[in-house]
Amino acid sequence: MHIDDIIHVATDAGKIILENGGETYRVEQTITMICKSYGIPHTESFVTPTGIMVSITNSQNKTISLVRRINNRTVNLRKVEMINDLSRKIMSRPISTDDMRKEIEFINNIPPYSQITTTFFAAGSSGFFTLLFGGNYKDFFVAFIIGALINYLGGYLDKLDVNGFLKNMLGGALAATMAIIAASLGLVGNMDTIIIGSIMILVPGISITNAIRDTIAGDLVSGVSRSVEALFVAIAIAAGTSIAFKIWVLLFGGGLI
Amino acid sequence: MILNSFYAFLSALGFGVLFNIRGKNLIIASLGGGLSWFTYLLSARLQPSLVFSLFLASLVGSIYSEVMARIYKTPVTIFIICAIIPLVPGGGMYYATLEAVKGNFDASLSKGVETLFSAGAIAIGIVFISSISTIFKKIKK
């Protein structure tokens, strides 16, 4: 089996985990596990949220290395789970690198939930968060609509390759504007709970969790960069809502509450 | 309280779909969200500290996630995310911003610090449990 094939297969598997919301140590572990199951005695990998570096040495002391840059990161935990299963499976029952490549390709091409499904569930999520934070059923429906709009806007901005900061800022601004409009029309009881419920779907849950888990696993570089990522998302949401508030007050005057 | 936990379950379910969790894992993960919110409400009823309640809820949510990850041989992140998401202090963040916009910087700061502490409490809960679970792994070997 060729050493080049092995490093490519292993790194591709790691790349999918990293791009879809897996932790740093899981990427390193997967790469090491796959190389080991192909009989590579020494594997070293260094993974950060923006890149993977792998170096392997085979039993004839030949060393090769590979660097992969990670540009896009989304969240698709199903892919993480499937690659994880795959690497466990080949530990006990090795398959050829060609078959492995096909499996990885198959996992990578699994489509995510459709836009309609995610929009519906994002809407439901904001609605129920609003109820959770003390809203009434009228607030639920308003938050439901806002959630759907935020998700739809997010999907549209993703197609235009808009960066995360602007996307979250616009999402926050949309939530605040819609909630203020609904409140001034007298449709809702509590504007605050609606805004909180709607911005919950923008909250960077995966960055926060992974920041914590990476830091305690000893991957300090990844931990810090993911924390900064989460912090910037929070700042973007806060900036978006406050800009919307300010503009509303400037245009129409009066207090907010 | 039960109804409220059910809302948390449904919110976590929506989140799970956004993160592309599928099949039975989706339901199991969302149950974690309901469970941690229930713990939070229960604890908030029994004692006054909000931050401590969040810590307890994060502990329970993390234990549940680690156990389920062992049982179903799945990455623990899948469960932790849904268990933690209802606890994330989105409200604190919002009020801190709102007060800042209104010009009440004292109120904004105190809300901001409270939010930071809440986030810290949740983080410590996760750290604590996952550190303990690595000890368990070592013992098992």
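User: What does pLDDT tell me, and what is the average for chain B?
Analyst: pLDDT is the predictor's confidence in each residue, from 0 to 100. Chain B averages 89, and 100% of its residues score at least 70. This is a predicted model: local features need pLDDT of at least 70 and side-chain atom pairs count only at 80 or more, while totals for chains, interfaces and linings use all residues. Residues are numbered from 1 along each chain as its sequence is written, with chains lettered from A and ligands numbered from 1 in the order in which they are written.

User: How do α3(B) and α6(B) pack?
Analyst: Axes are lines fitted to C-alpha atoms over the stretch in contact, and angles run from 0 to 180 degrees between N-to-C directions. Helix α3 (residues 50-72) and helix α6 (residues 105-140) of chain B pack at about 35°, with axes 8 Å apart.

User: And how many residues join chain A to chain B?
Analyst: Two residues are in contact if their C-beta atoms, placed from the backbone, lie within 7 Å. By that rule, 42 residues of chain A are in contact with 35 residues of chain B. On the chain A side, α5(A) gives the most, with 10 residues.

User: What about the scores for the model?
Analyst: The model scores ipTM 0.89 and pTM 0.86.

How values were computed: Helices (H or I, at least four residues) and strands (E, at least two) are DSSP runs, numbered from the N terminus.
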